[in-house]
Amino acid sequence: MIELKEENIEGVFQEAIDTIHPQNSRLVSITKRVEAIDPLSFYDAAKQLRTERLYWSSTAEAYTLVGTGCAYEITAIKDRFETAEQEWNNLLNDAVSNNPYDVPGTGIVSMGGAAFDPEKEKTKLWANFEPIRFTVPEYLLTEYENDFYFTMNIMVRADDHPRQLANQLREMEGQLLNGTPRYESDTQIVGRHEISPEKWKQTVKLATEEIRQQKVEKIVLAREVRLKLDREADSGNILRKLLNTQSNSFIFSFERGKDCFIGATPERLVKIRQNSLFSTCLAGTAPRGETEEEDARISHNLFHDQKNRGEHDFVVQMMKKAIENYCTDIEIPNEPVVYPLKNLQHLYTPVTARMKKDYTILDIIKNLHPTPALGGTPRKESVAFIRKHELLDRGWYGAPVGWLDNRDNGEFAVAIRSGLLQGDEASLFAGCGVVKDSDPEEEYEETNIKLTPMLSVLGGAE
């Protein structure tokens with residue numbers, strides 16, 4: 001990648017164009033610091049411009065990325081992580097970047113995700129979402145440590161005119177950065193259809209029998225609830241409600257065509273900053289209490305519950321095994337803590353390490369996904385059971401979503417507590433870990449609890 005320090009936008013384009021082969025194109029990326037802006041105003045302005053939008057926020061860190069448009073996209077079916085990394089590196093090798101800021105998530109940034117299981121037969125529900133897809137947005141707003149940065153990415157050709165390109169970017173910059181928030185009225189749920197709940201419970205029972213025969217130790221089974229809304233859902237409005245209600249979460253939105261995959265997940269898969277790795281083991285779930293006393297009692301029971309502690313330990317041991325070949329200085333506490341959210345509380349163990357040279361965040365994701373918290377253990381056998389018996393196409397649910405940049409920073413979360421918006425309809429997803437003593441009715445109730453965050457922002461009960 002060519003790093004430029006030219007301050008004049010026309011000059012950046014001219015320098016990039018002068019060295020392009022006549023038959024080729026090249027990505028040019030320009031980043032500048034801008035005045036503070038509500039990221040959701042930027043997101044709303046992009047809707048008025050009728051371009052696809054991408055949103056990522058780590059609420060605990062006040063860190064936000066909002067992208068719109070597509071300067072470059074990466075998709076793959078076979079060897080999807082390897083193919084995506086190769087294409088990403090090829091793009092960067094010939095790109096021109098003008099980014100004077102050492103800020104993660106500025107410059108050339110790719111946002112996207114992957115399907116839970118690319119071998120599962122794809123249904124029309126997820127027709128707009130490929131097995132893996134990363135987008136380099138044309139325009140990107142980054143909020144980091146109370147500062148704001150605006151990145152413009154564009155593919156240029158040898159016959160492009162620098163001034164024309166610069167004027168185009170300035171026009172879009174003005175429209176995106178000077179937009180005003182659009183507050184849509186809240187949707188209401190007018191219909192709810194649970195997809196074969198009794199058959200799902202039978203699948204839970206079948207899984208326990210499989211486990212008792214010692215073919216697997218744990219299988220995670222998910223189910224779908226289909227909602228009918230009184231009007232078309234507005235993803236910007238839903239993001240506002242998630243930001244207001246789901247603290248300590250990763251809030252995301254990925255538009256694709258007329259569909260939008262959106263959610264607020266508490267489960268980080270991996271974050272990398274300057275070769276430092278941070279990850280999260282999050283498995284074992286209970287509701288919040290109505291009073292402080294009830295909440296403390298539920299928390300105590302969760303911490304000492306054998307089933308939940310066993311599920312959590314599965315994840316911890318897998319995490320350690322998955323990263324040990326790629327990292328040094330691995331640190332994992334001996335016991336979890338209870339991690340409270342608004343509607344739920346979880347068992348939580350943090351993980352830190354140092355990345356070895358020549359490995360990237362995509363190497364880690366490929367080895368971590370799916371975690372025992374979303375697939376089961378052993379991985380191959382549990383995923384094979386899910387593929388054969390589960391009643392839905394998970395699509396991007398339960399899979400990695402996030403971002404990476406051209407300086408080897410990145411962050412991905414596991415896409416749970418999420419839904420797929422499709423006009424005035426939505427599909428919500430929730431899963432639970434099945435072990436040998438699991439009771440189908442109890443597991444069903446656990447999934448109802450996990451559906452609560454998304455139901456509440458779509459107009460259901462708190």
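These legends accompany several close-up views of one predicted model. Residues are numbered from 1 along each chain as its sequence is written, and side-chain values use heavy atoms, with hydrogens and water left out. Because the model is predicted, local features need pLDDT of at least 70 and side-chain atom pairs count only at pLDDT 80 or more, while totals for chains, interfaces and linings use all residues.

View 1. Let us start with α8, which runs over residues 306–323 (helices are DSSP runs of H or I, at least four residues, and strands are runs of E, at least two, numbered from the N terminus). Its 18 residues span 26 Å from first C-alpha to last, close to the expected 26 Å (1.5 Å times one less than the number of residues). The buried residues of the helix are N308, E311, H312, V315, V316, M318, M319, A322 and I323. They cover an arc of only 165° around the axis, so they sit on the same side of α8 (the arc is taken from the directions from the helix axis to the C-beta atoms). On the other side, Q306 and K321 are exposed. Here buried means under 20% relative accessible area, exposed over 50%, and partly exposed in between (1.4 Å probe, protein chains only).

**View 2. The start of α8.** A side-chain oxygen of D305 comes to within 3.3 Å of the backbone nitrogen of K307.

**View 3. A salt bridge between D94 and R26.** These two side chains meet at 3.1 Å, N to O (a salt bridge is a side-chain nitrogen of Lys or Arg within 4 Å of a carboxyl oxygen of Asp or Glu). D94 belongs to helix α3 (residues 80–94) and R26 to strand β2 (residues 25–34), so the pair ties together parts 68 residues apart in sequence. D94 is partly exposed, at 35% relative accessibility, whereas R26 is buried, at 7%.

**View 4. R240 meets D44.** The N to O distance in this salt bridge is 2.5 Å. Because R240 lies in helix α6 (residues 235–245) and D44 in helix α2 (residues 39–48), the pair joins parts 196 residues apart in sequence. Both R240 and D44 are buried.

View 5. The closest N and O atoms of K201 and E198 are 3.2 Å apart. Both residues lie in α5 (residues 197–212), three residues apart, about one turn of the helix. K201 is buried at 10% relative accessibility, and E198 is partly exposed at 49%.

**View 6. A salt-bridge network.** Finally, E52, E73, E130, R133 and R256 are linked by salt bridges. A search of the whole structure finds 33 salt bridges.

Note on methods:
A polar contact is a pair of N or O atoms within 3.5 Å; within protein, one must be able to donate a hydrogen and the other to accept it, and residues adjacent in sequence count only if both atoms are side-chain atoms.
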